[in-house]
Amino acid sequence: MAARTTVDRLDKPSAYFNSRKKRGGHHHRDRRDEDEDMGRQPEQPAEEDPLRDATTLYVGNLSFYTTEEQVYELFTKCGEIKRLIMGLDRFNKTPCGFCFVEYYTHQDALDCMKYIGGTKLDERIIRTDLDPGFEEGRQYGRGKSGGQVRDEYREDFDEGRGGLGRAIQSEQRLKEVERRDLESDIGRLR
Amino acid sequence: MADYDRGDRFRPGGGGGGGGGGYSKKRRYQRDDDDYDRRGGFKNRRIDSTPPHQRVRRQLLTIAENPIRAWHEEVASIANLFTDNWDDELLRRNFVDLVMQLSLEQPLKTPFLAAVVLVANTNQPEVVDMLLAKLTAGIEAKMAEGEWRDVKLYLKLLACLSSALEGDGIFPVLEELFNRAAELQTASSDDTIGTELVKIILLTLPYIMVTDRTKWAPKAAALMDNTEVLASEPHALQTLIEPYHTEATEENPNPSASLTKLLQTQLQAETVAGWPLSFLPEPWKFPVEELEQQTKLDNASKHALPTITIPSNLPAGPRPLFPDVYFSVYSDQEVESVPSESTAASSLIRDALTDTIGILHFNRNVTARHLVDLDCYFAPRTFAARATPFDRLRDIEPPKSTWKPEDVAVDAVFSQLFQLPTPEHKLVYYHAVLTEACKLAPAAIAPSLGRAIRYLYRNIVRLDLELGNRFLDWFAHHLSNFGFTWKWTEWVDDVALTDLHPQKAFIKGAIDKEIRLSFAQRIKNTLPEPYKNLIDAEMEEEVPEFKFKSDDTPFAAEGREIAILLRKKAADDEIQPIIERIHALALDNNLDPLVASTDVFVTSVLHVGSKSLSHVLAAIERTKDRLTDAGAASDAARSQIISAVMTFWSAHPGVALCIIEKLLNYSILVPSAVINWALVTEAGATRGAALSRAHVYELVFTTVIKVTNRVRQVVRRSGTADDAMVDDADAKDAEVAAMRDLFRAMEDALVSWAEGSKDELVEMEIDDGEGRSEREALIRRWGQQWLRVFRRRAAIEEAFLVEAAKERRMLAEAEAEAGKEVANGS
């Protein structure tokens, strides 16, 4: 059977990963959101593919308020979670909108790409990317002020990612999701 | 539409692009060719510069997707592009492979692919021989692998090509398959492959018939006479996989039929009516003004079908074979919004859709696209207009169809999500398909989902408990993707029901699951007033209160001291004196000292780790030895570990379940302790009410699945490895024995609840007179539902062990045979 399917697969690594690999850079993830816009189709994996047996996923675009428990609740739908590492602000050690989810099997990680990547958690569309594995240090944001790089220069206002400054209270969090809720009337059950 | 418009900010996961998903710049680049197409005219030369093999590929991939384009035009244009470039070797080779691959990956398109081949046959007959050679070889290979769905899909392609075949077409193949099925069924009463073969025969037949009804009618009638006996043979486990639960005392008024049995009846009706099959597409038919093309087609050359040799040994294949039970969430409506069970359309459309859903798991966006566009792939006028509101179906005049395409699509997904014993893919895949369909066509799909939800809620009393919980899980997950909005007001009266009522239990379970994916305050704000009381103050607190904070709690001082030591990461011997003090105090108060100290210690660990799951896991990691000793000390102490976790996190059962799973991984707990806690301790203490709580079911179910997965893993390994064979065999036997013990213990515990003979149930008459019998009936019902779920699990696992043993025996025989040959040869 031909290796190429008649429909694209959702369980392939992103252009980000491949572009980083080609440049020989380290697999730091914070800049992926910008890099992703490169209009390149990911190359076929090279001889030694570091993602061949990957059991870890990078998960991005989380709200700063999303908890480990919420991540567990959603991601367990693809298999038991071996380890969860929340991405933290380098300075104040608070969540900064990403995490690493490690499964016991490669298949669970692939299924997660297929079934969970691009769906909502805590009312935000999250993105998943296969990852060669967590290493100490990678749990911290690499932006100047400690969070992810994308939150340094982001021009849009995103309450879920510190858009109102750091001392946001849970009331504001609530306001945020409810505002978003009002805007989106898509697929409402009625 | 805000969310949908935002799609361009989100790149479909994995960056592989998601045909049909949102799109990104990258995708637009890939689409360049199409852009030139659209500009048309002066850019035409640019199209021609695309090599023909790429153009044919692109057009074949998207065949029939455009509802505006007439089928015969599209078919003829692809066929001509292909035969005009016949000298292009790359194109010739790719064409046949692509047609075959598409028939396996996008089966809704098979009739259209066949039509292209048939038109190509009028110019280059050789292409049919090329395809037939590969297709027949492919069918043989797939049979040898036990890939029955692929066998079926290749046969479907072959069937659509019947008009280009000599003699009896593919009937000899079907007859041969039937003979084999009959042999298998005669040889063994619990055979599943024979039944599968009959299903394949019956599903192939209609696709032959639409190519020439009069010519094939006698052959079909003869075959149908043969299949009748086999098709009505019920599967050994049929009653266990019924989607509805019937009380032991009542007859199931309407047992769900297997697909094979239904098909036999439906096709018999078709035989009588002269095979109208008006819903199947016939894209090889040209309109009257294209008489010349039609004549060419009718007179095209016929080809001999290469012999298909059915392998002597037919394996069951990678997926266990269970009968497909027909399931519909739209079966009780005044207007028929989906084909009724009596029509062949119900089975054939469903079959094509479930194949699509099963195959395209690697791109849910495309799956959803096919479902939303399903009317493109069936004959015109098969369905009502898209997004026709249900209330308007009533106004449709008789010859016109009332089948709502989105109902048919949603029904197909639910039939998979609710398949017993286990669907082909993880449940979350079906959740994701429904979410994407809802995003693609919200106005059409959302109301259909709403009606499906109402049906399931109405029928939850009789729905199998496992399915009821799948419904619960999907419902909460789905809402989490759409702003947690649901018309809760329509169930508002049910809030007053007792918690033991299945509908109330559903409401409570759904709210808990919603909170797990979000947070209490958020969910509370989505609920109408009467529901708000179901979310109490404790549920709104993210971190539970430490009960030893209050001096009124026994052992409060000790609890606080232990917590301080744990926080300081003090050595274990600093904790020991406090534990001993608890023992002494407990003895003075006539309490079980081990239970008392376990409760204080575990609760303190939970308190110290209450900030997040990583905190509690770290705390457990540090105190693993003491926890393990506590768990080993006595049955009561072991049970107390679970009680402590469930009590501490009672307002957030999701966290409790997560912790218990980790305790099982650390072997601090064993599965039987968890089962015993739920079915004996907790169920006893709540006089059976625990059985109605969704999270208790979830706890037991995931624990059982953990055990059965483990057994399957060990059994599979012992079938393959040969060096560590002996050790493995012992380990395997031990695991299997432990699993059987577990199921036996569950059976014992549940039977007494199901029969109402449980002491706690009998004692109940003291408190409440009137409500007693109602309560008792509800508890008994829960007991029966539980019993059914876990008896089925046990039976499925036993069936797996039987199959595995069969495979090992066959493997051993094959090896012995090979060994003999080597010995003889040397």
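The model is predicted: local features need pLDDT of at least 70, side-chain atom pairs count only at pLDDT 80 or more, and totals for chains, interfaces and linings use all residues. Residues are numbered from 1 along each chain as its sequence is written, chains are lettered from A in the order in which they are written, and side-chain values use heavy atoms, without hydrogens and water.

**Chain B overall**

Helices (H or I, at least four residues) and strands (E, at least two) are DSSP runs, numbered from the N terminus. Buried means under 20% relative accessible area, exposed over 50%, partly exposed in between (1.4 Å probe, protein chains only). A contact means heavy atoms within 4.5 Å. Accessible areas come from the Shrake-Rupley method with a 1.4 Å probe.

| Property of chain B | Value |
|---|---|
| Buried share of the 826 residues | 58% |
| Contacts joining residues at least 24 apart, among those at least 6 apart in sequence | 74% |

**Negative patch**

B:Asp536, B:Glu538, B:Glu541 and B:Glu542 form a negative surface patch. Like charges are joined within 9 Å, placed at CG of Asp or CD of Glu. B:Glu538 sits in helix α26 (residues 537-540) of chain B. B:Glu538 counts as exposed because its relative accessibility is 52%.

**Helix α4 of chain A**

Eight of the ten residues of helix α4 (residues 106-115) of chain A are buried. Among them are A:Asp108, A:Asp111 and A:Lys114. The cover includes β1 (56-60) and α3 (68-75) of chain A, together with α17 (364-372) and α20 (427-440) of chain B.

Methods:
Patches are made of residues with over 30% relative accessible area and no salt bridge: like charges are joined within 9 Å, nonpolar side chains (Val, Leu, Ile, Met, Phe, Trp, Tyr) within 5 Å. A salt bridge is a side-chain nitrogen of Lys or Arg within 4 Å of a carboxyl oxygen of Asp or Glu. Lys and Arg count as positive and Asp and Glu as negative; His and the chain ends are not counted.
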